[in-house]
Amino acid sequence: MNGILPDPVLSVRNLRIGVGRRNEILHDVSFDILPGETYGLVGESGSGKSITGLSVMGLLKRPLEVIGGSVLFRGQDVLKLGSRARRRLRGDRMAMVFQEPMTALNPLATIGRQIAEMFVVHRGMGWADARRKAVEALESVRVPSPEERARSYPHQLSGGMRQRVMIAIALACRPDLLIADEPTTALDVTVQAGVLELIAELCKAEGTAVLLVSHDLGVIANMCRRVGVMDRGRLVEEQDTRALFANPMHPYTRGLLAARPRLGSRTLSGRGRLTELDQVVASEDRARDTPTMTTPRGFQAEATA
Amino acid sequence: MRLRFNFVLGLALALLVVVAAISAGWIAPYDPVIDADLMNSEMPPSWEHWLGTDGQGRDVLSRILYGARVSLTVGLVSQLINSCIGTALGVSAGYFGGWWDDLVNGLTNVMLAIPSLVFALAIMAVLGPGLPSLLIALGLTNWSWTCRIARSSTLSLKNQGFVQAARSAGFSDTNIMRTQILPNILGPVLVIATLGIGGAVLAEAALSFLGVGIRPPQPSWGNMLTDARELIRTAPWASVFPGLAIFITVLGFNLLGDGLRDMLDPHMRTRKA
């Protein structure tokens, strides 16, 4: 890489995750996320994108564990930190938005309290101040009448509103990195656009880097500056978004792009409506133990603009 | 939430006992210990002694009213101890898992295997009779059901999105257990506790009946039954009324617990509707 690029916020190096020590399911994944950059991880179910995100947060659950590599966050290997120091980072410097807004909020606490908790835990604020900040946070994610909403319970809110609340919680402490794991998959399409726009806008304003995990190529294309394609636990290809869509290098990426349903299109098999990936990508072309195909970052001017 | 019949009836009975216990000092017509009139022993119920007198000429009604204090104290306090122990162990076991979970599970199974009354009897034998040792004995022997319920509820809550979200927000484990899990399992724990109060009242009566609970002459429903055992043919009122008091109390708290469960459990509600 050239010297013009800023130091990455997150630098994942040869990350390996296994079920126990033996069975490796994520093989040598490396990628960088620059400050303020939105980085997309795309791939099928089970390709390892979510556990990559979770391992950065330090939220892997047994029997999954990191068995090799490093996760450098602001130059510091978080895998070497103690659990307490890592916990301090979570929610404060790095935050996460999950897929399911319906279950991600405590049903027995008000929205305002749940946002305020972030300020109490990470900023040591008193409840009164924290509550005021919570209302501000709700306002920033454009929840209408935030004062009132702060007093309502999660079940009184729609899915889109809840996801906005989740974003407010995640961005409450102005983290350097936001990991969004399929943030809009559970929402309907019209709400999706609004939520994505909100994430993009808030993160741009704060200079927050985003790791967007998704299987939705449309979402990736709209949101991300750079995209990594994952298949079977490997990062097979990494390019700038435009370059990736214009010129996919790995056969799997090509297959993924070809498998997108298009309005009114006929599929290869003719009868079914959806293309199976197996029909497009030969299995010997799938991820193997080869280095990630990457092209250097272009359009730097845009990234920093 | 619609009030259910068993809840209302249970609440009424429980309140009756609570009021009796609190106001025993004012409404009891005689002193339960000092007013022993040997000349008027084994008197059947009359206007002077509504529920009759026992073998030593003491007013049964007064002794039942004062006995309610003992029974309720034992029931409430020991069940509070049980709930605290059971919830703390159950939640932490379910949350942390691993060897701690195995240990707590093993302990719970051991507690379930030993008849709790026998265990309480053993503790009483060590500590000696009296109210404080009763509270300890019954408070340490009945937490296993609470523990099980708390553990299983925690296990299912642990994988809920909001607990995961709280972890990703950097909350500490104790904070997550306190703010995310505890409020969500309070319903079932409350139900078990209410049902347990009835059990504790019964256990107190049993221990006092066996002579290791409350020492005579202090009245407790259990030792009233002991005293009246030999008079069952000549003065049945001396044993029937304390028995009735136990019955009403246990019934009241059990109905209250049942009603609470029905009202807190949405599945039961939809099935009934």
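Hi everyone, let's start with A:M125, which is partly exposed because its C-beta atom has 16 others within 10 Å. The scale behind that is as follows: with C-beta atoms placed from the backbone, a residue is buried if 20 or more other C-beta atoms lie within 10 Å of its own, exposed if 12 or fewer, and partly exposed in between.

Before I go on, two housekeeping sentences. This is a predicted model, in which local features need pLDDT of at least 70 and side-chain atom pairs count only at pLDDT 80 or more, while totals for chains, interfaces and linings use all residues. Residues are numbered from 1 along each chain as its sequence is written, and chains are lettered from A and ligands numbered from 1 in the order in which they are written.

Back to A:M125. You'll find this methionine in the loop between helix 3 (111-123) and helix 4 (127-140) of chain A. When I say helix or strand, I mean a DSSP run, H or I with at least four residues for helices and E with at least two for strands, numbered from the N terminus. Leaving out residues up to four places away in sequence, A:M125 touches A:F119, A:V120, A:A130 and A:K133. Touching, or contact, means that two C-beta atoms, placed from the backbone, lie within 7 Å.

How do helix 3 and helix 4 of chain A pack? Their axes are 8 Å apart, at an angle of about 115 degrees. Axes here are lines fitted to C-alpha atoms, for helices over the stretch in contact, with angles from 0 to 180 degrees between N-to-C directions. Helix 3 of chain A passes helix 4 of chain A in a right-handed crossing; a crossing gets that label if the near helix is turned clockwise from the far one by less than a right angle, and is left-handed if anticlockwise. On the helix 3 side, the residues that meet helix 4 of chain A include A:I115, A:F119 and A:V120, and among their counterparts in helix 4 are A:W127, A:A130 and A:K133. By class, this contact has 10 nonpolar, 1 polar and 2 charged residues. For that tally, Ala, Val, Leu, Ile, Met, Phe, Trp, Tyr, Cys and Pro are nonpolar, Asp, Glu, Lys and Arg are charged, and the others, Gly among them, are polar.

Now the sheet in chain A. It is open, with 4 strands in the order 2-1-4-5 and antiparallel pairing. Two strands pair if DSSP finds at least two bridges between them. Strand 2 (23-33) and strand 5 (76-77) of chain A stand at the edges with a single partner strand each, so each has one side without a neighbour in the sheet.

Let me walk across. Strand 1 (residues 10-19) of chain A pairs with strand 2 over 7 bridges, and one bridge joins A:G18 to A:E24. Strand 1 of chain A also pairs with strand 4 over 8 bridges, with A:I17 facing its bridge partner A:V66. Strand 4 and strand 5 of chain A share 2 bridges, including the one between A:L72 and A:D77. These two strands form a hairpin with 2 residues between them, and A:R74 in the turn has a positive phi of about 50 degrees. Helix 1 (residues 49-57) of chain A lies across strand 1, strand 2 and strand 4 (64-73), at about 110 degrees to strand 1.

What about chain B? There we have 12 helices and 0 strands. Its C-alpha atoms fill a box of roughly 75 × 45 × 30 Å along the principal axes, and 48% of its 273 residues are buried. As an example, helix 4 (residues 98-113) and helix 7 (residues 144-158) of chain B have axes that come within 9 Å and cross at roughly 145 degrees, and this crossing is left-handed.

The two chains meet through 15 residues of chain B and 20 residues of chain A. Helix 8 of chain B gives the largest share of its side, 6 residues. That side of chain B has 5 nonpolar, 9 polar and 1 charged residues.

Last stop, the core. The largest nonpolar core has 150 residues, and A:I115, A:A168 and A:L178 have the most contacts inside it. By nonpolar core I mean buried Ala, Val, Leu, Ile, Met, Phe, Trp, Tyr and Cys residues joined through C-beta atoms within 7 Å. Helix 9 (residues 173-209) of chain B supplies the largest share of this core, 15 residues.
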